[in-house]
Amino acid sequence: MAIMRRRKGGGGKRSENPEHQSDENKEKKGKESEENSKSGSANLNVNLNLNLHSGSVAKKSRKKWSCVDGCCWFIGCICSMWWFLLFLYNAMPPSFPQYVTEAITGPLPDPPGVKLAKDGLKAKHPVVFVPGIVTGGLELWEGHACAEGLFRKRLWGGTFGEVYKRPLCWVEHMSLDNETGLDPPGIKIRPVSGLVAADYFAPGYFVWAVLIANLARIGYEDKNMYMAAYDWRLSFQNTEVRDQTLSRIKSNIELMVATSGGKKVVVVPHSMGVLYFLHFMKWVEAPKPMGGGGGPNWCAEHIKAVMNIGGPFLGVPKAVSGLFSAEAKDIAIARAIAPGVLDRDVFGFQTLQHVMRMTRTWDSTMSMIPKGGDTIWGGLDWSPEEGHACSSKKNSNDQIAGYNRTEDLANSGGVKYGRIISFGKDVADLRSSDIGSVDFRGAFKGNNLANITCRDVWTEYHDMGIGGIKAVADYKVYTAGSILDLLHFVAPKMMKRGGAHFSYGIADDLSDKKLPNAPDMEIFSMYGVGIPTERAYVYKFSPAAECFIPFQIDTSVDGADDNHCLQGGVYSVDGDETVPVLSAGFMSAKGWRGKTRFNPSGIRTFLREYNHAPPTTLLEGRGTQSGAHVDIMGNFALIEDIIRVAAGATGEEIGGDKVHSDIFKWSERIKLRL
Amino acid sequence: MASVLRFRKLCFLEPAKCSSYDEKIKKTDKKQLFETHKIDGKNYESANVSLLEEKPNKQHQRRPPKEWKCIDSCCWTIGLLCTLWWLLLFVYHCLPANLPGLQPPEPPGARLKRSGVTALHPVVMVPGIVTGGLELWEGRPCSDGLFRQRLWGGSFTEIFKRPMCWLEHLSLDNETGLDPPGIRVRAVPGLVAADYFAPGYFVWAILIENLARIGYEGKNMYMAAYDWRLSFQNTETRDQTLSRLKSKIELMYATNGYKKVVVVPHSMGVLYFLHFMKWVEAPPPMGGGGGPGWCAKHIKSIMNIGPAFLGVPKAVGNILSAESKDVAFIRAMAPGLLDSEILGLQTLEHVMRVSRTWDSIISLVPKGGETIWGNLDWSPEDHACDSATHRQFDMKGNDTDGRRGFQVHESTKYGRIVSFGKPASEVHSSEFPSLRSQKKGSLHNATPPVASCGKVWTEYDDLSRETISKVFENKAYTAGTLLDLLRTIAPKMMRRAEAHFSHGIADDLDDPKYNDYKYWSNPLETKLPEAPDMEIYCLYGVGIPTERSYVYKESPPGRCKSIPLQIDSSADGNKNGCLKGGVYFVDGDESVPVLSAGFMCAKGWRGKTRFNPSGIATYVREYKHKAPANLLEGRGLESGAHVDIMGNVALIEDILRVVAGASSVELGGDKIYSDIMKMSEKINVRL
């Protein structure tokens with residue numbers, strides 16, 4: 001402090017007349033050197049001179065431009081510039097960015113809301129949004145001492161500031177109880193309610209905001225839009241047990257139908273919200289106390305259409321790797337949003353373990369494990385997507401080329417997508433008869449690997465011994481069916497908890513898996529295509545053991561030239577970056593089409609695919625034609641479809657099916673009794 | 001030779017040193033240096049050469065031709081300030097949350113939790129006027145980029161950025177009292193609607209936090225946010241707000257184990273909830289169709305905070321001249337807005353124009369007429385304004401205390417809510433005619449409003465000079481004649497609003513006309529619902545001077561001043577302490593006088609009366625105002641002020657106990673500091 005003040009004083013003085021001083025300075029120096037160049041007899045003189053000068057030299061050089069001064073000056077400059085820019089930015093008319101964009105890229109198309117408002121569309125049916133996993137905000141209502149001052153602040157969503165400030169505290173609060181799957185004692189984290197729950201995930205990263213803004217253009221407002229925010233960490237039934245979320249949704253839908261003159265609602269679920277809403281439809285018609293007691297016609301009376309966006313009806317393979325090694329490419333957007341969290345240097349080497357421990361307490365991730373077993377996802381030697389051409393470069397724009405190449409690839413055997421997890425690349429390619437797998441199920445788990453050195457990073461792997469881990473790897477190949485056994489083996493506690501809430505098979509007698517009896521309802525499956533999407537993984541042992549997760553994706557494995565589908569240890573297929581086409585489209589393309597045993601009342605289903613086109617310029621932000629899992633919420637074509645339906649159009653009126661992918665062909669291959 | 005080497009080394013190293021910390025060391029080094037020179041006579045020449053070589057070099061390296069200019073020192077200063085600021089901020093963040101010695105008092109929620117109080121009944125909060133946030137859903141081009149941003153509440157930045165646009169969007173349609181075409185401004189939903197009015201200015205936040213401590217969360221708390229600009233019935237017509245409230249209460253009742261809700265309305269929310277209770281039991285389409293037992297089934301108790309049951313005189317001042325001391329927090333929160341410099345001289349006109357389109361203000365006009373508020377020569381309050389006990393109430397009179405107190409009893413005529421000129425507020429009503437003739441002359445001198453005043457249209461512009469002078473002639477208005485005054489000067493507004501609100505006292509409550517919704521928010525014209533188990537609390541602060549009546553004068557003629565009246569702020573009582581700056585004060589919570597807040601609980605509804613046929617129990621709980629002792633307390637833990645009382649520890653504790661299931665007996669029944677019982681005695685209402 002004192003130093004700074006002194007410098008300030010010096011600086012001030014200097015600035016008073018800088019020129020004079022520096023002139024004086026030069027003069028003195030000149031004199032000095034002149035004198036020094038004289039003969040030795042002048043030496044004494046010089047010395048004296050210097051001694052005389054030394055006082056002034058000290059004074060002079062104290063005022064010199066020192067490092068601290070330089071720093072201050074630099075910071076000052078930056079700050080002033082920043083403020084100036086900020087001022088300019090604030091003074092800028094709000095239409096300016098749009099003006100610039102239009103100047104560069106030509107006139108922008110009207111946002112769909114504006115366009116359709118001009119066409120005379122008006123708000124008609126109330127709209128219910130059901131957000132997916134991780135996109136909804138969570139806030140703290142009660143916490144441990146370390147969460148002081150965070151009452152009613154967002155722990156999830158928003159800026160994620162707390163992740164960096166107190167990471168362990170954050171992980172502790174975000175975890176659920178390992179036994180019950182509910183809040184740990186003393187901690188209460190609750191979903192944010194209202195439209196703000198999921199309009200923006202982080203500042204500037206929209207989820208629902210664009211859709212909301214466009215709906216508002218044709219007259220929607222708070223009274224006829226409802227965000228069915230729920231705690232996405234819990235299993236679906238637990239949201240009702242703890243927060244009565246399902247009851248709230250029921251009550252709100254009833255209220256909106258009543259206050260808008262008997263108009264049925266249009267439900268727009270996204271991602272895992274699709275499964276949540278399926279659960280809701282079963283729950284609401286089931287008798288109390290387990291269900292909502294709405295009676296068998298509740299859905300028919302209250303719901304006009306369900307417009308599923310990127311729905312993982314049959315689960316996502318990503319969830320498997322997420323549970324298995326906390327490693328899927330981006331099971332949580334967390335990685336995209338806060339890459340630092342997953343960087344190993346933040347908490348040392350235990351980041352992934354922490355993440356795994358946390359996510360394994362979240363029952364909801366288990367709802368996304370691939371469902372339908374080998375019938376849907378393929379066995380050891382076949383898969384419905386067989387013959388899919390991964391031209392990793394052109395895949396997005398160039399469907400026709402893809403069709404052509406299909407022929408060639410079909411001959412060469414194709415990729416065995418059915419093997420969701422395989423150990424080693426050779427195993428992934430071999431014929432099933434050549435794989436010598438050893439059954440792991442009865443294997444002795446061995447001693448506890450983890451000792452105290454792993455500190456508080458507890459994952460269930462530490463309960464497994466070497467033997468167990470070896471047994472897992474010896475089985476070599478897992479299909480969707482055996483994945484479940486695998487998960488039961490490596491994470492018994494989690495699966496025991498989750499097994500009570502979800503089931504993954506195909507029901508033989510579908511008394512509780514049918515769609516509700518609502519013949520007038522419409523179901524839309526809307527999803528992006530044209531982005532490589534994770535489908536199967538090649539695993540290997542982790543290099544070191546002790547506190548590690550023993551398996552990891554073998555990122556060194558890349559496909560040969562004729563096989564682009566394998567990259568970095570991951571086989572990919574067509575999809576929206578998270579959900580493969582098969583999972584998003586199969587139910588609407590085949591499972592529910594017409595009157596089937598899953599859809600006894602013949603609810604009409606429509607497939608709407610949106611071909612991915614990346615944003616052409618940076619100014620477009622995340623693109624208006626994106627097909628990516630979350631970015632599709634800003635896709636103009638999708639928004640237009642939703643608005644038309646909300647304003648009263650039927651599935652036929654917006655054009656029925658619109659298919660770009662091979663979903664119908666693939667569905668054909670799936671032998672499922674309907 | 002060695003010395004030369006050392007010397008060279010020094011010379012080479014020196015330029016690299018960037019700071020001057022070690023100035024002294026250098027100095028001594030130099031001295032040493034030349035001393036060695038002297039000794040090493042032989043080598044001095046080579047040394048000199050090196051000196052010659054090095055010196056100019058050094059000079060160039062150290063000082064590039066850069067001059068310390070003014071701008072540099074500016075940058076330097078800014079940099080220093082920034083750095084210091086960050087440093088302090090950093091230190092501040094590093095501090096432990098609770099400094100030893102500055103231990104904040106334990107919140108009541110934590111204390112009660114330890115004594116075993118836990119969440120039981122769901123809580124519904126009904127915010128009052130102006131405290132709820134409003135956000136934009138559709139607007140004119142000037143409001144570009146404000147979609148779903150708060151126009152009201154929050155930081156109010158838009159007022160300063162685009163004031164005219166802001167005013168335009170907050171106005172309602174002058175004819176319908178609903179949105180103007182092309183503009184949709186809606187209430188913010190959820191707890192965030194009114195937890196903080198502006199950043200750091202809490203309204204409900206403290207109460208919410210304390211409720212959370214005993215186990216409340218989003219599922220058993222509900223903020224019944226509504227658009228407070230609309231008349232109550234219009235919130236249902238436009239937004240179905242009442243239906244939502246009904247549905248929410250039913251939902252919370254069902255999902256929380258069939259526990260009845262506790263309703264906590266504040267300020268105007270009290271009237272809103274009164275309206276709701278009538279609405280919900282009335283048959284559709286006008287009502288909610290809940291049937292006659294709805295309230296009894298769903299509501300445990302109503303804990304009215306700072307209730308404005310019988311209106312507030314402040315509303316009158318606001319309507320007449322947009323000038324009451326602080327009917328809106330606008331003045332407190334954004335003082336700049338009312339300063340004449342920002343919008344020219346027309347600020348008040350703008351405010352008046354906007355606020356006159358808000359029907360809800362009419363609901364706050366004093367109700368019950370002269371019976372309640374007193375007539376020209378009588379009023380229920382005989383209140384001694386004693387400066388010693390009241391904060392902010394400094395007297396300028398030279399009289400002794402005793403004499404002043406005596407005078408007060410004699411002369412304050414609170415019944416005259418508006419009087420023109422100080423004499424008119426003091427003399428006996430029989431002397432009015434003499435005053436009338438004096439005043440007339442000055443009126444004719446006033447210049448008529450000029451047409452060039454632009455777009456600021458207030459209804460005063462439509463009034464002829466004669467009407468205004470007639471208004472002045474009448475000298476004094478009581479709560480009864482006040483309505484006539486308002487009808488004269490604001491005919492459109494009153495025509496619109498009187499379809500929604502009524503201000504009288506019912507003679508016969510069974511008259512079918514009282515089924516109309518315009519009577520529902522007036523406690524003197526409605527019966528409470530049939531719910532004998534319900535409890536009604538009136539919780540309010542006392543001990544702060546509160547506006548009760550006004551002395552008006554004619555505005556000085558100004559070119560664009562179209563409001564012909566203004567409060568005569570020069571009228572100070574020298575003998576009469578209750579008059580200050582043209583306003584007569586009584587006891588209250590700074591906004592609502594005790595009479596309005598307490599009368600219904602103290603008398604109107606006490607026992608079985610015709611307003612309360614089922615004998616709902618009522619309790620008066622007063623909280624004596626105590627200004628915060630030091631700055632650290634913020635807005636005070638024992639405040640009695642209208643909004644600050646929401647942070648009052650005693651009040652919060654009462655609410656927590658009730659929501660956790662305590663009965664009124666456990667709470668202690670009535671707790672009264674003011675003269676409310678005496679005042680109520682004096683009011684002759686048939687019960």
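**Figure 1. The buried face of helix H22 in chain B of this predicted model.** Helix H22 of chain B spans residues 479–489. Which of its residues are buried? They are Ala479(B), Leu482(B), Leu483(B), Leu485(B), Leu486(B) and Ile489(B). Looking down the axis of H22(B), we find these buried residues within an arc of 160°, so they line one face of the helix.

**Figure 2. The surroundings of Leu364(B).** Leu364(B) sits in the loop between helix H16 (347–355) and helix H17 (369–373) of chain B. Is Leu364(B) buried or exposed? With a relative accessible area of 5%, Leu364(B) is buried, because the cut-off for that class is under 20%. Leaving aside residues up to four places away in sequence, Leu364(B) touches Ile129(B), Met268(B), Leu271(B), Ala308(B), Gly311(B), Val312(B) and Ala315(B). For a sense of scale, Val192(B) is 172 residues from Leu364(B) in sequence, and their C-alpha atoms are 25 Å apart in space.

**Figure 3. A three-stranded open sheet in chain B, with helix H7 lying across the strands.** The strand order is E3-E2-E4 in chain B, and the pairing is antiparallel. Strand E3 (150–152) and strand E4 (184–187) of chain B are the edge strands, each pairing on one side only. From one strand to the next, the twist averages 45°. Take a moment to follow strand E2 (residues 134–138) of chain B, which pairs with E3(B) in the antiparallel sense over two bridges. Here Glu135(B) stands opposite Arg150(B) in E3(B). Helix H7 (residues 163–170) of chain B lies across E2, E3 and E4 of chain B and runs at about 80° to E3(B).

Figure 4. Over all chains, a search of the whole structure finds 40 aromatic pairs. One of them joins Trp152(B) and Trp228(B) in an edge-to-face arrangement, with 5.1 Å centre to centre and 65° between the planes. Now turn to Tyr226(B) and Tyr272(B): their ring centres are 3.8 Å apart and their planes lie at 5°, so the pair is stacked.

**Figure 5. A salt bridge between Arg238(B) and Asp227(B).** The side chains of Arg238(B) and Asp227(B) meet at 2.8 Å, N to O. Arg238(B) lies in helix H9 (residues 232–239) of chain B, and Asp227(B) lies in the loop between strand E7 (221–223) and H9 of chain B, eleven residues apart. How accessible are the partners? Arg238(B) is buried, with a relative accessible area of 9%, and Asp227(B) also counts as buried, at 0% relative accessibility.

**Figure 6. Salt bridges in chain A, and a network reaching into chain B.** The count of salt bridges over all chains comes to 44. Asp183(A) and Arg242(A) form one of them, at 3.1 Å, N to O. Asp183(A) is in the loop between helix H8 (167–174) and strand E4 (188–191) of chain A, whereas Arg242(A) is in helix H10 (residues 236–243) of chain A, 59 residues apart. Both Asp183(A) and Arg242(A) are buried. For contrast, look at Glu652(A) and Arg604(A), whose side chains meet in a salt bridge at 3.7 Å, N to O. Glu652(A) is partly exposed, with a relative accessible area of 47%, and Arg604(A) is partly exposed at 31%. Finally, salt bridges that share partners join Asp183(A) and Arg242(A) into one network whose members include Glu142(A), Lys188(A), Arg190(A), Lys113(B) and Glu217(B).

Technical notes:
Residues are numbered from 1 along each chain as its sequence is written. Chains are lettered from A and ligands numbered from 1 in the order in which they are written. This is a predicted model: local features need pLDDT of at least 70, side-chain atom pairs count only at pLDDT 80 or more; totals for chains, interfaces and linings use all residues. Side-chain values use heavy atoms; hydrogens and water are left out. A salt bridge is a side-chain nitrogen of Lys or Arg within 4 Å of a carboxyl oxygen of Asp or Glu. Helices (H or I, at least four residues) and strands (E, at least two) are DSSP runs, numbered from the N terminus. Buried means under 20% relative accessible area, exposed over 50%, partly exposed in between (1.4 Å probe, protein chains only). Two strands pair if DSSP finds at least two bridges between them. Axes are lines fitted to C-alpha atoms, for helices over the stretch in contact, and angles run from 0 to 180 degrees between N-to-C directions. Contact means heavy atoms within 4.5 Å. Rings of Phe, Tyr and Trp (its six-membered ring) pair if their centres lie within 6.5 Å; planes under 30 degrees apart count as stacked, over 60 as edge-to-face and the rest as tilted. The arc is that of the directions from the helix axis to the C-beta atoms.
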